[in-house]
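Visitor: I'm new to this one. Can you walk me through it, starting with the ground rules?

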Amino acid sequence: MPSLPLLLLLLLWSSGAHGFPAGTSETQERDVQMVQKYLENYYNLKSDGKQVEKQRNRNPVVEKLKQMQKFFGLKVTGKPDAETLQVMKKPRCGVPDVAQFVLTQGNPRWERTNLTYRIENYTPDMARADVDHAIEKAFQLWSNASPLTFTRVFEGQADIMISFVRGDHRDNSPFDGPGGMLAHAFQPGPGLGGDAHFDEDEMWTNNFRNYNLYRVAAHELGHSLGLSHSTDIGALMYPSYIFSGDVQLSQDDIDGIQAIYGPSQNPTQPTGPQTPQVCDSKLTFDAITTIRGEVMFLKDRFYMRTNSFYPEVELNFISVFWPQLPNGLQAAYEVADRDEVRFFKGNKYWAVRGQNVLHGYPKDIYRSFGFPRNVKNIDAAVSAEDTGKTYFFVANKCWRYDEYKRSMDAGYPKMIAEEFPGIGNKVDAVFQKNGFFYFFRGTRQYKVDPGTKRILTLLKANSWFNCRKN
């Protein structure tokens, strides 16, 4: 007979009010098992079934699901819906989001700032020198932001012991084979305290392919130093594996490590990127584009996406969609009849179709569009579907490009203030939706009729995000 939490999951599965997404019975059965295992591993769900509340909305599975959904910023329903399952299926750190026996009680920290580490063995997936370099860089991230120093030793017991192991490796936290749990580390303390273990059943790399050792090691060493998981998706200490092409501490990570050990001893205190807050009234955008009917807002390393099927704003790394694109994109627009989106940074641009960057990119803006060499970057761009005309905004001027003739229109560039009066002399981002242009400058947004060039509405920049207070 299944244990009570599993039985409750089966009830949730069969109930219309709390049901799993539609699928084959075999798929749903796998999802049931996966949800139970996930909540046991990371949210301390007890499988003995003792003291289970009778009311469905107060049973332990629902409560743990709500806890998990709140942590990841999902809609808190207590239901194992599609978005919840999607997050649960992502590769992640093996340290729980809710403290279990694995973690030392209280707020553990090292009493010394000069710590030692030892690499006990190596993965065959990478050259030894590459493993050494990845681990060294991971320690360096944390030492740059704190008074901590790390010295490698080659024998005996170090403060932080690093090893590649698989399956049950005698620390009460067995690994689960490829995918799923990638690694785990123990918070400061005696014995296993501070040690970091990497699952040898994973494929470890020094590039964007699964799984970047430097990225995972930097996260795990945060645990070795006393940090817990962060709910900030932009933080290195966020539990799910996300590799955005570069590895850096966010401001959230820096604040965390300095709260434990104090500020860095560098003359200039380090700062890190901050994750956009979609309902921040001061939010601005680097670029905005439509893509197959949805609107995608770009800011630093992130995209924010809205669609009519899911009311919550999706916030994630641009690299989740397009690993080959750089961070800090400056302009973007969709050519709908070619099912193509073009992204610009500096004098280069990339073309994508769906999640695929097209072959032969990046290309330069001079040969492709005919810009003069004194144009160093594009601030914003938008294409009018009905005319095939694309507007490019550069400083206080705008250019108009004919997508059919593949050449710039005569008489351009013109001053932005002349071509689109009332929106100012600079554009941060622009896109077209339902026949209207939406121009963004700072925290302001202008809805413009492209035919008459008249401003129809003045809005806050984040008005698309259903924020109660703008």
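Guide: One definition to begin with. A polar contact is a pair of N or O atoms within 3.5 Å; within protein, one must be able to donate a hydrogen and the other to accept it, and residues adjacent in sequence count only if both atoms are side-chain atoms. The model is predicted: local features need pLDDT of at least 70, side-chain atom pairs count only at pLDDT 80 or more, and totals for chains, interfaces and linings use all residues. Residues are numbered from 1 along each chain as its sequence is written, and side-chain values use heavy atoms, with hydrogens and water left out.

Visitor: Okay. Which backbone nitrogen does the side chain of Glu 334 reach?

Guide: That of Arg 292, at 3.0 Å.

Visitor: And where is Glu 334 placed?

Guide: In strand 10, residues 331-335. Strands (E, at least two residues) and helices (H or I, at least four) are DSSP runs, numbered from the N terminus.

Visitor: Is Glu 334 buried or exposed?

Guide: Glu 334 is buried, yet has no salt bridge. Buried means under 20% relative accessible area, exposed over 50%, partly exposed in between (1.4 Å probe, protein chains only). A salt bridge needs a side-chain nitrogen of Lys or Arg within 4 Å of a carboxyl oxygen of Asp or Glu.

Visitor: Which side chain of opposite charge is nearest to Glu 334?

Guide: Arg 292 again, 6.2 Å away. For charge, Lys and Arg count as positive and Asp and Glu as negative; His and the chain ends are not counted.

Visitor: What else is Glu 334 in contact with?

Guide: Leaving aside neighbours within four places in sequence, its contacts include Thr 289, Ile 291, Glu 340 and Ser 383. Contact means heavy atoms within 4.5 Å.

Visitor: Zoom out. How many helices and strands are there in the protein chain?

Guide: Ten helices and 23 strands. The chain has 470 residues, and 52% of them count as buried. Among contacts between residues at least 6 apart in sequence, 54% join residues at least 24 apart.

Visitor: Which strands pair with strand 3?

Guide: Strand 1 (residues 114-119) is one, parallel, over three bridges. Strand 5 (residues 196-199) is another, also parallel, over four bridges. Two strands pair if DSSP finds at least two bridges between them. Arg 118 has Met 161 in strand 3 as its bridge partner. Phe 164 stands opposite Phe 198 in strand 5.

Visitor: What about strand 22 and strand 23?

Guide: Strand 22 (residues 444-448) and strand 23 (residues 455-460) run antiparallel, joined by five bridges. Arg 444 has Lys 460 in strand 23 as its bridge partner. The two strands form a hairpin with six residues between them. In the turn, Lys 453 has a positive phi of about 65°.

Visitor: Which residue meets Lys 453 in a salt bridge?

Guide: Glu 419, at 3.3 Å, N to O. The pair links distant parts of the chain: Lys 453 is in the loop between strand 22 and strand 23, Glu 419 is in helix 10 (residues 416-419), and they are 34 residues apart. Glu 419 also forms a salt bridge with Lys 414, at 3.7 Å. Glu 419 is buried at 7% relative accessibility, while Lys 414 is partly exposed at 25%.

Visitor: How many salt bridges does the structure hold?

Guide: 20. Another one joins Glu 314 and Arg 305, at 2.6 Å, N to O. Arg 305 is buried, at 17%.

Visitor: New topic: how many aromatic pairs are there?

Guide: The rule goes like this: rings of Phe, Tyr and Trp (its six-membered ring) pair if their centres lie within 6.5 Å; planes under 30 degrees apart count as stacked, over 60 as edge-to-face and the rest as tilted. The count comes to 44 aromatic pairs. Phe 71 and Phe 72 form an edge-to-face pair, 5.2 Å centre to centre, with 65° between the planes. Phe 71 is buried at 13% relative accessibility, and Phe 72 is buried at 9%.

Visitor: Why does the pair of Tyr 303 and Phe 321 count as edge-to-face?

Guide: Their planes are at 80° and their centres 5.2 Å apart, so the pair is edge-to-face. Tyr 303 lies in strand 8 (residues 302-307) and Phe 321 in helix 8 (residues 318-321), so the pair ties together parts 18 residues apart in sequence. Both Tyr 303 and Phe 321 are buried.
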